There are 2 protein chains.
Amino acid sequence: MSSTYAIRGNLIFTKTPEKFTVLEHGYLICEDRTILGAFPELPDRYRGMEVTDYGERLIIPGLSDLHLHAPQYGFRGMGHYIPRDGWTTWFDLYAFPEESRYADLDYARRAYTRLADDLLTTTTTRFAMFATLHRPATELLMELLSERGFAGYVGKLNMDRNSLPGYQETTEETIRETILWLNNCQGHFGDIKPIVTPRYTPTSTDTSMEALGKIVEEYRVPVMSHLSEGLNEIEWVKELKPGLSCYGEAYDMYGMFGSVTPTIMAHCVYPNEAELALMSRRNVTVAHCAQCNLSLGNIAPIRTYLEHGIRVGLGTDVAGGDTLELLRHLPFVTDASYARWNLTERQDPMEEPKGLDLPAAFYLASKGGGSFFPQKAGSFEEGFCFDAVVLDDQRLSDEWHSYNPIERLERLTRMGDDREIHAKYINGKKVL
Amino acid sequence: MSSTYAIRGNLIFTKTPEKFTVLEHGYLICEDRTILGAFPELPDRYRGMEVTDYGERLIIPGLSDLHLHAPQYGFRGMGHYIPRDGWTTWFDLYAFPEESRYADLDYARRAYTRLADDLLTTTTTRFAMFATLHRPATELLMELLSERGFAGYVGKLNMDRNSLPGYQETTEETIRETILWLNNCQGHFGDIKPIVTPRYTPTSTDTSMEALGKIVEEYRVPVMSHLSEGLNEIEWVKELKPGLSCYGEAYDMYGMFGSVTPTIMAHCVYPNEAELALMSRRNVTVAHCAQCNLSLGNIAPIRTYLEHGIRVGLGTDVAGGDTLELLRHLPFVTDASYARWNLTERQDPMEEPKGLDLPAAFYLASKGGGSFFPQKAGSFEEGFCFDAVVLDDQRLSDEWHSYNPIERLERLTRMGDDREIHAKYINGKKVL
């Protein structure tokens with residue numbers, strides 16, 4: 001395949017959160033990893049160009065999963081019914097024991113290969129993915145993802161307190177291994193890049209946070225972590241870092257809250273006013289994990305973030321979330337936003353409901369999350385990365401019905417799975 | 001296959017909402033449509049009995065879907081993003097136009113055949129299913145379901161006001177056709193039985209409700225309808241039937257709220273104290289449609305119903321709900337119940353969360369809903385209908401992990417689909 005070509009199909013994407021742009025039987029033109037444009041007809045200047053015609057199939061921009069835990073994939077879809085008195089139990093029963101197995105590189109290869117393969121048959125093209133403490137396994141994960149053509153960030157975890165015996169680094173180790181890892185990444189792993197990843201405040205000492213802040217500044221790498229996911233977590237952070245105006249300050253004081261490099265914070269369910277103001281000022285990106293949040297009885301105030309001009313993308317949060325397929329998380333984004341309004345803001349029985357609708361949720365999954373990456377991603381506008389997913393929804397359709405492209409997309413968000421992923425392009429390269 | 005036999009596998013069921021009963025490699029014994037018992041080993045008295053061994057697969061009781069709309073299956077998975085200022089719009093855009101197509105029996109055959117076939121590869125064995133106004137199409141649906149071995153209720157709709165032109169009966173028609181239909185059902189359609197089904201108060205005149213009440217008494221058929229699904233609907237009923245203590249009274253005054261025959265009411269999101277008391281007194285069964293409710297921003301107070309001793313089963317509410325697979329609705333039952341508590345009842349950040357857990361949700365889907373049927377259904381206890389579904393979850397499992405039966409069931413509720421349905425028995429007959 002030459003570096004300049006077109007694909008044809010029913011193009012559907014969101015330039016803004018308000019509405020879909022649909023080009024039925026439209027052309028999407030690629031040159032050198034980048035989109036030249038989306039057109040209803042092939043423009044004269046491109047006549048004779050190689051065209052792959054996907055017929056009636058839908059073509060959407062590749063989606064960005066801004067929060068998932070690669071080493072938790074083995075216990076996806078379970079662990080939701082432990083006693084709900086705190087995250088500690090879930091960590092003890094599921095996350096820490098499973099993650100500690102990645103010290104074994106053979107285990108890591110088997111498990112990460114399944115993850116990377118399964119990720120191919122989803123709409124995700126880019127991501128910000130947590131790995132484990134283990135540098136070798138993290139580098140292996142980056143290699144496996146790069147081999148399959150993915151783009152995005154992978155983070156070796158930092159944890160030097162409050163984890164399990166055997167799954168915790170010393171402060172010296174966590175700093176040394178992070179530097180070694182960042183050096184090893186230089187010139188390796190294609191479009192898979194490193195991101196500094198303290199798990200969250202309770203598992204990183206002040207000394208390690210200070211050192212990580214300096215590393216971020218020196219290596220100019222972005223940062224990701226968790227923020228204000230649960231009320232008990234916030235109480236714990238208050239004990240560990242007394243006197244702060246908000247949880248976010250516990251990252252900001254070390255230059256890891258957007259002041260130095262771009263930063264993703266996952267969950268952000270319970271912000272206070274100080275946190276909203278700080279996030280807005282620092283241009284922090286929220287990774288909204290709607291399905292995982294709901295499984296804990298939580299609904300994050302996404303409309304509030306958007307009203308504050310704060311950038312929001314979506315995360316599957318596997319294995320806190322159940323599926324790698326980000327499209328299947330969109331109904332949680334929309335429906336939970338209406339439920340939050342209904343249960344906490346509604347004033348009158350006959351009031352018009354407020355919440356996020358499908359174009360807004362799709363925008364967050366595509367252009368919203370895609371804006372975190374240095375190259376523009378998540379739209380079919382000129383100059384964006386050529387990331388595209390071709391969807392074949394024949395299995396879901398009755399031939400005696402007709403559905404318009406937006407209805408077809410909606411159906412994919414509620415009924416689709418790996419069987420509908422027909423082809424996939426990342427940075428102009430066909431990876432599936 | 002003789003009428004007395006056993007199947008073997010990992011049996012999992014709920015005698016009570018509190019916990020699962022698990023028999024690994026257990027035996028489930030059938031005699032004449034009925035369960036003789038579930039045993040860890042084949043008892044001596046059954047030695048020599050024909051045994052089908054399903055190995056490591058899970059075997060669960062068939063589930064009961066207490067609320068779905070058969071003629072809406074064609075627009076499943078869509079229609080959620082219309083203006084949310086009232087149900088009327090959704091009725092006008094989706095429900096009424098599609099349902100009116102079932103006047104054409106050829107159309108009905110094509111569409112209902114797909115529904116009946118798709119329902120085979122789910123865990124549902126019994127149901128209470130809305131059809132349309134059309135008597136011939138309703139009888140066809142009953143025939144198609146009976147041919148496939150299903151059990152349960154199908155309702156020809158009654159609507160003699162507030163519908164669309166062309167999709168509404170006169171009062172005289174709705175009475176006459178209902179009587180004709182009930183007569184036609186006698187001795188036909190195997191285990192598929194009729195249930196009287198006024199759509200809801202706004203679409204039935206007082207005259208037709210009075211006549212239907214008399215029919216229910218004469219024919220001793222059960223009743224199903226919708227109740228208190230949305231605040232705007234409740235306001236409308238208040239206008240149509242002023243002076244009642246609650247919406248439920250609008251059915252009760254005609255003997256269609258459990259006082260004469262068993263009654264299912266779908267949704268029940270906004271009960272007042274009078275309604276709770278009346279439902280409890282009349283032994284009305286709630287069809288809880290958690291996923292559909294959430295898609296409208298609603299979370300029904302199921303813990304409240306259970307505390308009042310009110311019977312609750314589950315409904316997929318297709319096409320208000322997105323999938324026929326009831327297992328996939330269980331996470332909505334549990335997670336939304338925690339969200340409701342968290343958003344409306346939580347007093348303190350460190351309080352222990354309250355909500356329904358997986359055994360409770362599974363109980364509602366199996367024994368809870370199954371208790372609506374004249375024969376006991378939904379458990380593997382002695383004397384229950386022999387309804388069983390064999391699930392093969394190999395696709396979802398990593399061979400380097402081990403999962404216990406409860407974890408495997410949890411994973412099926414969050415990741416499973418038609419690919420996992422391996423075999424199915426209804427009333428002792430293997431239907432798949």
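Hi everyone, let's start with a pair of helices in chain B. Helix α11 (residues 330-344) of chain B packs against helix α12 (residues 358-370) of chain B at an angle of about 130°, and their axes are 9 Å apart. An angle like that makes α11(B) oblique to α12(B). The crossing of these two, α11(B) and α12(B), is right-handed. Please keep in mind throughout that this is a predicted model.

Who makes that contact? On the α11(B) side you have B:Leu330, B:Val333 and B:Thr334. On the α12(B) side there are B:Leu358, B:Ala361, B:Phe362, B:Leu364 and B:Ala365. Sorted by class, the contact of α11(B) with α12(B) has 7 nonpolar residues, 1 polar and no charged ones.

As a reminder, two packed helices are described by the angle between their axes and the distance between the axes. For α2(A) and helix α3 (residues 135-147) of chain A, the axes come within 9 Å and cross at roughly 30°. That angle makes α2(A) roughly parallel to α3(A), and the crossing of α2(A) and α3(A) is right-handed.

If you have the structure open, you can pick out the side chains here. From α2(A), the contact uses A:Leu105, A:Ala108, A:Arg109, A:Tyr112, A:Thr113, A:Leu115, A:Ala116 and A:Leu119. From α3(A), the partners are A:Pro136, A:Ala137, A:Leu140, A:Leu141, A:Leu144 and A:Leu145. The contact of α2(A) with α3(A) divides into 12 nonpolar residues, 1 polar and 1 charged.

Helix α3(A) has another neighbour to look at. The axes of α3(A) and helix α4 (residues 171-185) of chain A come within 10 Å and cross at roughly 25°. These two helices, α3(A) and α4(A), are therefore roughly parallel to each other, with a right-handed crossing. Here A:Arg135, A:Thr138, A:Glu139 and A:Met142 in α3(A) meet A:Glu177, A:Leu180, A:Trp181, A:Asn184 and A:Cys185 in α4(A). By class, the contact of α3(A) with α4(A) has 4 nonpolar, 2 polar and 3 charged residues.

How much space lies in the largest pocket? About 1200 Å³. There are 50 residues lining the largest pocket, and the closest to its centre are A:Arg328, A:Asp417, B:Arg328, B:Gly416 and B:Asp417. Several elements give two or more residues to the lining of the largest pocket: in chain A they are α2 (105-120), α9 (290-295), α11 (330-344) and α13 (405-415). In chain B they are α2 (105-120), α11 and α13 (405-415). And how does the lining of the largest pocket divide into nonpolar, polar and charged residues? You get 14 nonpolar, 12 polar and 24 charged.

Last, a few backbone details worth a click. In chain A, a cis peptide bond joins A:Val318 and A:Ala319, with omega about 5°. A:Ala319 sits in the loop between β14 (311-314) and α11 of chain A. In chain B, a cis peptide bond joins B:Val318 and B:Ala319, and there omega is about 10°. B:Ala319 lies in the loop between β14 (311-314) and α11 of chain B.

One more residue, and then I'll sit down. A:His267 has a phi near 85°, a positive value in a residue other than glycine. You'll find A:His267 in strand β12 (residues 263-267) of chain A.

Notes. Residues are numbered from 1 along each chain as its sequence is written. Chains are lettered from A and ligands numbered from 1 in the order in which they are written. This is a predicted model: local features need pLDDT of at least 70, side-chain atom pairs count only at pLDDT 80 or more; totals for chains, interfaces and linings use all residues. Side-chain values use heavy atoms; hydrogens and water are left out. Axes are lines fitted to C-alpha atoms, for helices over the stretch in contact, and angles run from 0 to 180 degrees between N-to-C directions. Helices (H or I, at least four residues) and strands (E, at least two) are DSSP runs, numbered from the N terminus. Angles under 35 degrees count as roughly parallel, over 145 as roughly antiparallel, 65 to 115 as roughly perpendicular and the rest as oblique. A crossing is left-handed if the near helix is turned anticlockwise from the far one by less than a right angle, and right-handed if clockwise. Contact means heavy atoms within 4.5 Å. Ala, Val, Leu, Ile, Met, Phe, Trp, Tyr, Cys and Pro count as nonpolar, Asp, Glu, Lys and Arg as charged, and the others, Gly among them, as polar. On a 1 Å grid over the protein atoms alone, a cavity is a set of points where a 1.4 Å probe fits but cannot get out, and a pocket is an open set with protein on both sides within 12 Å along at least five of seven lines; lining residues have an atom within 4 Å of a point. Grid points are joined across faces, edges and corners, and a volume is the space filled by probe spheres set on the points.
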